[in-house]
Amino acid sequence: MYTEQDIWIVLTGTGTWFSRMIQYFTKAPLNHASIAFDSELREVYSFGRKKANNPFNGGLVRENLRDPFFYSSACAVYRCRVSHEDYQRMYNLVKDMMRNQDRYKYNLLGLLGILFRLHIDRDDAYFCSHFVAKVFEQAGLRPVNKPCHLVTPEDFSNSPQLTEVYRGPLHGYLTMDTVSPLSSSPTYTPVTTKDISKIFRIG
């Protein structure tokens, strides 16, 4: 029987100097993208700063959106309905990356490449929207019709495949009474290492 589950994309604007610098070039208010696997936004992953007070130490992270660094941010939350199999695939791909978390670096040069329309590729290095787009692509999905390394957070907001379910202060979403019913509780079925090697080759 065909079943569906929801993947969530969260765009945030933290108001830091780094975020404001990116906004200067993009003219978009929300310049950080994350992928989440539950409507309550507890399983959230992205490429960003590993410590809130150090923007130069970045990489693959599991984000705590209830941390003060994010909690007062402006945000937009988007839902993408996918098959159960695609959901499982994306979830397991991200968890596989997290098991090798130290291998991955933040691709600041790639981000600058987008701003100046240059393709700067580095092995095992990503910026936030590149990572989110790549996870979808590795599951055979493409919410934004452009190469992953050129995808910006703003591109997700314009995707016809995504449904905006909330826009406003992040803490407003996290305290909504209606958050829990938005999606049923997911179940996770691990894929084998052999399966991962076939479908997930990033870099």
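Predicted model: local features only at pLDDT ≥ 70, side-chain atom pairs only at ≥ 80, totals over all residues.
## Cavities

Two cavities of 30 Å³ or more are counted in the model.

The largest cavity has a volume of about 50 Å³. Its lining is formed by N107, G110, G113, I114, L118, H119, I120, D121, F127, H130, H149 and L150. Helix 4, which spans residues 108-115, supplies three of these residues, the largest share of the lining. By class, five of the lining residues are nonpolar, six are polar and one is charged.

The second largest cavity holds about 30 Å³ of space. A133, E137, R142, P143, V144, K146, C148 and V151 form its lining. Five of these residues are nonpolar and three are charged, while no polar residue takes part.

## Helix 5

Helix 5 covers residues 128-138 and is mostly covered, with 10 of its 11 residues buried. The buried residues are C128, S129, H130, F131, V132, A133, K134, V135, F136 and Q138. Among them, H130 also lines the largest cavity, and A133 lines the second largest cavity. After helix 5 comes G140, which has a positive phi near 85 degrees.

## Salt bridges

The structure contains eight salt bridges. Side chains of opposite charge can pair when their charged atoms come close. One of the pairs joins R99 to D96, with 3.7 Å between the closest N and O atoms. Both residues belong to helix 3 (residues 84-99), where they lie three residues apart and are therefore separated by about one helical turn. R99 is exposed, at a relative accessible area of 59%.

A further salt bridge links K146 and D155, whose closest N and O atoms are 3.0 Å apart. K146 is partly exposed, with a relative accessible area of 28%, whereas D155 counts as buried at 16% relative accessibility. K146 is also one of the residues that line the second largest cavity.

E164 and R167 form another salt bridge through their side chains, at 3.1 Å from N to O. E164 is partly exposed at 39% relative accessibility, and R167 is likewise partly exposed, with a relative accessible area of 46%.

## A linked network

K134, E137 and R142 are joined in a network of salt bridges. Within this group, K134 is a buried residue of helix 5.

Note on methods. Residues numbered from 1 in each chain as written. Heavy atoms only, no water. 1 Å grid on protein atoms, 1.4 Å probe; cavity = no way out; pocket = protein on both sides within 12 Å on 5 of 7 lines; lining within 4 Å. Points joined across faces, edges and corners; volume = space filled by probe spheres on them. Helix = DSSP H or I, 4+ residues; strand = E, 2+ residues; numbered from the N terminus. Nonpolar A, V, L, I, M, F, W, Y, C, P; charged D, E, K, R; others polar. Buried < 20%, exposed > 50% of the residue type's maximum accessible area, 1.4 Å probe, protein only. Salt bridge = Lys/Arg side-chain N within 4 Å of Asp/Glu carboxyl O.
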